[in-house]
Amino acid sequence: MDAAGHEDVSRHMGKYYVVFVALLCLTAVTVGVSYLHLTRPLAITVALIIAAVKAGMVAAVFMHLISEKKVIYAVLILTALFFALLLALPNLTTFEHHSGMPGT
Amino acid sequence: MSETVIPYMVKPHPVTGLPNGKLGIWLFLASEVMLFGALFSSYVLIRIGAPHWPPEGGLSSEILNVPLGTFNTAVLITSSITMVLAWASCKMGSLPRFKMWMSATVFLALVFLVVKYFEYSDKFHHDHFPSHDNFFAVYFLLTGLHGLHIVGGIVVNTFLLTAGSKMWQTDPEHFTNRVENAGLYWHFVDLVWIFLFPSLYLL
């Protein structure tokens, strides 16, 4: 391996350990919050925000997305768009279903 | 044979700026997002439609084993850092260190599966099969598919650790790229669990 690559990796090692500890702490926070017995919508919001932060850290640092090529970003933007559609479409149909039946 | 080799496995492709393998694994991961996304979407739909969740009453955290789930989350997070360290060892030119960290990754993946085995057998012991109700159907389908991904990761990582590591002698940069691609997949499997654990066990 070239010396530049060697140096580049050693510079990032600290960051990997910080993210590792942060991920463990956030796992403890998620479990801790679940014992507070918050109302369900609030509990879901908090848990999903923590999960999104954890996922963001894994993707940005462990998967090196923070310094990735444009073509990967393009692929991921498309993926995110279709993922959002996938989540929204079936659930939108249920909302329509309910609103179409007043009083039910 | 050399003319049949896939081009641009080490050097970046002039159009994409990436080695072909890396673009390939990202496209595969995009398809994986859609696979898990479709199932997650179904889960949300089933939950919204249910008068109570879990259907049999109580809380998810009372039905599933939260301490074991938390332990497994920590196991997967640790296996993600050992995977990064395995790749970094290749980058820094040390095959023995790569082998050490990659063995740790495979070991932790096996620990995850053993814990899952105990969780599953406890559920089966109480007659809680996927056919029991929607809660268990969703639980077994999502964790089962995730478990299959863990098995896939173990197979690839074990190959890189054993027969696959011979490539280190002939083409260390190509081998390092393979480890990086296996790592991207492995982190994705960790990432899916990061969402599955709270959604299934805690909410």
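**Exercise 1.** Classify B:Gly24 as buried, exposed or partly exposed.

*Solution.* With 14 C-beta neighbours inside 10 Å, B:Gly24 counts as partly exposed. The cut-offs are these: a residue is buried if 20 or more other C-beta atoms lie within 10 Å of its own, exposed if 12 or fewer, and partly exposed in between, with C-beta atoms placed from the backbone. B:Gly24 sits in helix α1 of chain B. In sequence, B:Gly24 and B:Asn181 are 157 residues apart, yet in space they are 9.0 Å apart, C-alpha to C-alpha.

The model is predicted, so local features need pLDDT of at least 70 and side-chain atom pairs count only at pLDDT 80 or more, while totals for chains, interfaces and linings use all residues. Residues are numbered from 1 along each chain as its sequence is written, and chains are lettered from A and ligands numbered from 1 in the order in which they are written.

**Exercise 2.** Describe the overall make-up of chain B.

*Solution.* Chain B has 7 helices and 0 strands; helices (H or I, at least four residues) and strands (E, at least two) are DSSP runs, numbered from the N terminus. The pattern along the sequence is α-α-α-α-α-α-α. The C-alpha trace spans about 60 × 35 × 25 Å along its principal axes. Of the 203 residues in chain B, 35% are buried. Among contacts in chain B with a separation of 6 or more, 73% join residues 24 or more positions apart; two residues are in contact if their C-beta atoms, placed from the backbone, lie within 7 Å.

**Exercise 3.** Determine how α5(B) is oriented to α1(B).

*Solution.* Helix α1 (residues 20–49) and helix α5 (residues 134–161) of chain B pack at an angle of about 165 degrees, with their axes 11 Å apart. Axes are lines fitted to C-alpha atoms, for helices over the stretch in contact, and angles run from 0 to 180 degrees between N-to-C directions. The two helices are therefore roughly antiparallel, a term for angles over 145 degrees. Their crossing is left-handed, that is, the near helix is turned anticlockwise from the far one by less than a right angle. From α1(B), the contact uses B:Leu39, B:Tyr43 and B:Ile46. By class, this contact has 7 nonpolar, 1 polar and no charged residues. Here Ala, Val, Leu, Ile, Met, Phe, Trp, Tyr, Cys and Pro count as nonpolar, Asp, Glu, Lys and Arg as charged, and the others, Gly among them, as polar.

**Exercise 4.** Check the length of α5(B) and identify its packing partners.

*Solution.* At 1.5 Å a residue, the 28 residues of α5(B) should span 40 Å, and its end C-alpha atoms are 40 Å apart, which agrees; the expected span is 1.5 Å times one less than the number of residues. The buried residues of α5(B) pack against α1, α4 (95–125) and α7 (172–202) of chain B. The axes of α5(B) and α7(B) come within 10 Å and cross at roughly 160 degrees. That makes α5(B) roughly antiparallel to α7(B). The contact divides into 14 nonpolar, 5 polar and 1 charged residues.

**Exercise 5.** State which helix supplies the largest share of the side of chain A that touches chain B.

*Solution.* In total, 36 residues of chain A are in contact with 39 residues of chain B. On the chain A side, α1 (3–34), α2 (40–62) and α3 (70–99) each supply at least two residues. The largest share, 13 residues, comes from α1(A). By class, this side has 25 nonpolar, 9 polar and 2 charged residues.

Terms used. Parallel < 35°, antiparallel > 145°, perpendicular 65-115°, else oblique.
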